[in-house]
Amino acid sequence: MFMSISTTGTAESPATDLGFLLHKHPGKVQRFSTAHGEAHVFYPEAGDEACTAALLLDVDPIALVRNGRGKGRAGSPDLALAQYVNDRPYAASSLLAVALRTVFRTAMKGVCEARPGLADRPRPLRISLPAVPVGGGHTAEGAAVAMVVRLFEPLGWQVEATAIPLDEAFPEWGESRYVRLELSAERVRLADALQQLYVLLPALDGAKHYWVAPDEVDKLLAAGEGWLAGHPERALITRRYLSRRWSLTRRAMERLELARLAEADDREADEVDNAVDDAAEETEHGQGQGQEQDRSEQRPPSLAEQRRAAILAALREVGAARVADLGCGQGELIGALLKDPRFTEVLGVDVSVRALSAAARRLRMDRMPERQANRVRLVQGALTYTDARLKGFDAAVLCEVIEHLDLPRLPALEYAVFGAARPPAVVVTTPNAGYNVRWESLPAGHLRHADHRFEWDRAEFRTWAERVAAAYGYTVDIRPVGPQDDEVGAPTQLALFRLGDGAEPGGNPAAADSTENTGSTGSTGSTSSTDSTDSTTPEGGETR
């Protein structure tokens, strides 16, 4: 199993810098032990103008069988001979990826202490792989080559892939599943190139020759940082890298989607996945849950309960049967919708993976009867991007969502919901900032929740609602929710938007800074989540 990495240079930036980047001296032949044999690193050429480093992996078939424990193609229990006679010693598969991580671990991290800053500089690279297996049962001519191109070209590589015939003496037999691969790039970091090979070689082969444990998800995301989340074939790569372990694939795709959404909003993933408060989640699964339910039976309805009741009343008023809860948080509103049989389909969307997991637990989706389960779906996404899957619903709900967005991002949400999804009815609730003076526990000038970017008084909310309605062809009705105060109004304000007959949207999609994104794992849809700070209010708790 062989691979070479070549670069060019000048007198100011000699090609032999490759030795510093790989942490392997060009004047030596070095040997390393791996779980499946011995790896050798040597330099066929080493000069200022050109330098090539080669990695030769000498696979031990007996060690492969012993370590594989009868798993995979190399250890087939049905074909005893295949344990010892196979393509593993020759084809660049997952075993070569393991050798890359073992031999070039420091280089893959982008560390070069001997030459500070050298690892961060892109340089010309050419990578040669004489035999790359492409799994997946490809039979059509050129299918293996097409797969290689699909995976490497989006990363900026120039791909020269040639299918290897089954037998050169008998061309009529057709192509094998092996490809002779040459990758070249004018400017690429060596660390990035090694990380991409570490992920894509097993993905091409479609088989791993060792046990795929849950920590493979962490390895995949670490190696794919900065490039995998935005790759157009990320679902295919993830599935094949994880040997089609569907539970691991789903977990990896959720985290990749979160990383992609965070990058799109120029935020950290932890900032985006903040819809679930740790203390609240512990309480939900702790011993005090039953006691809280008992106390709730003795107190008047909380503001959160009054808000959900007002939303349900508005949905019944417009005759909605299919409802999208955008920014569903931990699923409280979804639970209320499922209790009413008139709501035949409910879609819950949230950017937070933790919130969706909490919602699934709260709704007991793993134990839900089939007829009930067919009524509800939970997907991940951000409302600042349009999503074709949100179209066709009778109504959409934004319950305590808009205040979690930065004001410059609000036009993107407006277009995604009112302009692109365009349901006949939209219900929006948000805090009334004027009522905040009635919360004795809320310091003057503070917002109700640490994640709120703004809070509007009644006049500001009405101005926004009427502007959106006029821009997108809706009418709007503003209603109070919660106890009314003669001076400052109710604590929550609700807007019921109805689509006008034959109305056309008047908004400017370009100004919304939105893009169509359909994702592969429920990848778009909503932005916010739980509004839990009001749990300290005299009303006894306000949650999403």
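Biologist: If contact means heavy atoms within 4.5 Å, which residues in helix 6 meet helix 8, and which in helix 8 meet them?

Modeller: From helix 6, Y198, V199, L200, P202, A203, L204 and D205 take part, and they meet I237, R240 and Y241 in helix 8. The helices are DSSP runs (H or I, at least four residues) numbered from the N terminus. This is a predicted model, in which local features need pLDDT of at least 70 and side-chain atom pairs count only at pLDDT 80 or more, while totals for chains, interfaces and linings use all residues. Residues are numbered from 1 along each chain as its sequence is written, and side-chain values use heavy atoms, with hydrogens and water left out.

Biologist: How many of those in the contact of helix 6 with helix 8 are charged?

Modeller: There are 2 charged residues in the contact of helix 6 with helix 8, alongside 8 nonpolar and no polar ones. Here Asp, Glu, Lys and Arg are charged, Ala, Val, Leu, Ile, Met, Phe, Trp, Tyr, Cys and Pro nonpolar, and the others, Gly among them, polar.

Biologist: And at what angle do the axes of helix 6 and helix 8 cross?

Modeller: The axes of helix 6 (residues 190–205) and helix 8 cross at roughly 75° and come within 8 Å, so helix 6 is roughly perpendicular to helix 8. Axes are fitted to C-alpha atoms over the stretch in contact, with angles from 0 to 180 degrees between N-to-C directions; under 35 is roughly parallel, over 145 roughly antiparallel, 65 to 115 roughly perpendicular, and the rest oblique.

Biologist: What about helix 5 and helix 8, how do their axes cross?

Modeller: Helix 5 (residues 143–152) and helix 8 (residues 234–241) have axes that come within 10 Å and cross at roughly 110°, which means that helix 5 is roughly perpendicular to helix 8. On the helix 5 side the contact is made by M147, R150 and L151, and on the helix 8 side by L236, I237 and R240. Sorted by class, that contact of helix 5 with helix 8 has 4 nonpolar and 2 charged residues, and no polar ones.

Biologist: Switching topic, at what angle do helix 17 and helix 18 pack?

Modeller: Helix 17 (residues 410–421) packs against helix 18 (residues 458–472) at about 50°, the axes being 11 Å apart, and the two helices are therefore oblique to each other.

Biologist: Which residues make that contact of helix 17 and helix 18?

Modeller: Helix 17 supplies L410, E414, Y415, F418 and G419, while helix 18 supplies W464, R467, V468 and Y472. The contact of helix 17 with helix 18 has 6 nonpolar, 1 polar and 2 charged residues.

Terms used:
Contact = heavy atoms within 4.5 Å.
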